[in-house]
Structures are given as C-alpha cells and as structure tokens.
Amino acid sequence: MRTAHRRVLLALAAAFAILLSACGTATRPAAAPSDTADSSGGAITVLAAASLTEALTDIGRDFEAKNPGHSVTFSFGSSATLATQIVQGAPADVFAA
C-alpha cells in the first residue's frame, strides 16, 4: 500500500474514532453508582461515501469489539445522495463524505 494512501486511511480512522467517541455520554448525565452496571448499548448510524466502505467497515468492527452492546450500522453510497437523504430527514449520527 502506498504511503499516501496509508496516511489517508489513518487520518480517516482517527477522525471516525473521534466522531464515535463523541456519540457516547456527552448528552447523558453522569451515571449514579447504582447505574454503573447498566450495559445498555447503543446504535450508531453512519452514512458514508462508497469509497470508504472497506476502511469504515473495519473501524466499525473494531469499535463494536471494544464496546460490547454497541452496534454500528452503515449505509454507503454517493456523498451527494447521502447528503440529500440527510436533508430530507434520514437518521444519521455520522456523515463521512
């Protein structure tokens, strides 16, 4: 794999990891001691450019493995089409164009 290509994938992986971590508890109040055993997961919906399919699928798989109870659902396609779907109300936690 070329060095430039590897750098782009690494940058995308880092950006995706940051976005996924931001989907966590930022809007949820701090857990009370009795809530710490709660392992309820969450679903993250990612709409992404088709060219990112391989990289994001790998990142999503790693995220799910490290965060039991959480799942990542992907929808890949044309960035313009996905953006239009979001404007029209399609649910998305992450948009990667």
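Reader: How many aromatic pairs are there in this model, by the ring rule?

Author: The structure is a predicted model, and the count comes to one aromatic pair.

Reader: What makes the pair of Phe74 and Phe76 stacked?

Author: The ring centres of Phe74 and Phe76 are 5.2 Å apart, and pairing requires centres within 6.5 Å. Their planes stand at 15 degrees, and planes under 30 degrees apart count as stacked. The pair is therefore stacked.

Reader: What makes the contact of Asp58 with Arg61 a salt bridge?

Author: The closest N and O atoms of Asp58 and Arg61 are 3.1 Å apart, and the criterion asks for a side-chain nitrogen of Lys or Arg within 4 Å of a carboxyl oxygen of Asp or Glu. The contact is therefore a salt bridge. A search of the whole structure finds one.

Reader: How do you know that the span of α2 is close to the expected one?

Author: Helix α2 has 14 residues and reaches 20 Å from its first C-alpha to its last, against an expected 20 Å at 1.5 Å a residue.

Reader: Which residues of α2 are buried, and what puts them on the same side?

Author: The buried residues are Ala55, Leu56, Ile59, Gly60 and Phe63. They cover an arc of only 125 degrees around the axis, which puts them on the same side of α2. The face turned away from this buried side carries the exposed residues Glu54 and Ala65.

Reader: Which elements give two or more residues to the largest nonpolar core?

Author: That core has eleven residues, among them Ile44, Leu56, Phe63 and Val94. The elements in question are β1 (43-49), α2 and β3. The largest share, four residues, comes from β1.

Reader: Why is Val94 called buried?

Author: Its relative accessible area is 4%, and buried means under 20%; Val94 is therefore buried. Val94 is found in strand β3, residues 94-96. Its C-alpha atom is separated by 7.8 Å from that of Ile44, 50 residues apart along the chain.

Definitions and conventions:
Residues are numbered from 1 along each chain as its sequence is written. This is a predicted model: local features need pLDDT of at least 70, side-chain atom pairs count only at pLDDT 80 or more; totals for chains, interfaces and linings use all residues. Side-chain values use heavy atoms; hydrogens and water are left out. Buried means under 20% relative accessible area, exposed over 50%, partly exposed in between (1.4 Å probe, protein chains only). The expected span of a helix is 1.5 Å times one less than its number of residues. The arc is that of the directions from the helix axis to the C-beta atoms. A nonpolar core is a set of buried Ala, Val, Leu, Ile, Met, Phe, Trp, Tyr and Cys residues joined through side-chain atoms within 4.5 Å. Rings of Phe, Tyr and Trp (its six-membered ring) pair if their centres lie within 6.5 Å; planes under 30 degrees apart count as stacked, over 60 as edge-to-face and the rest as tilted.
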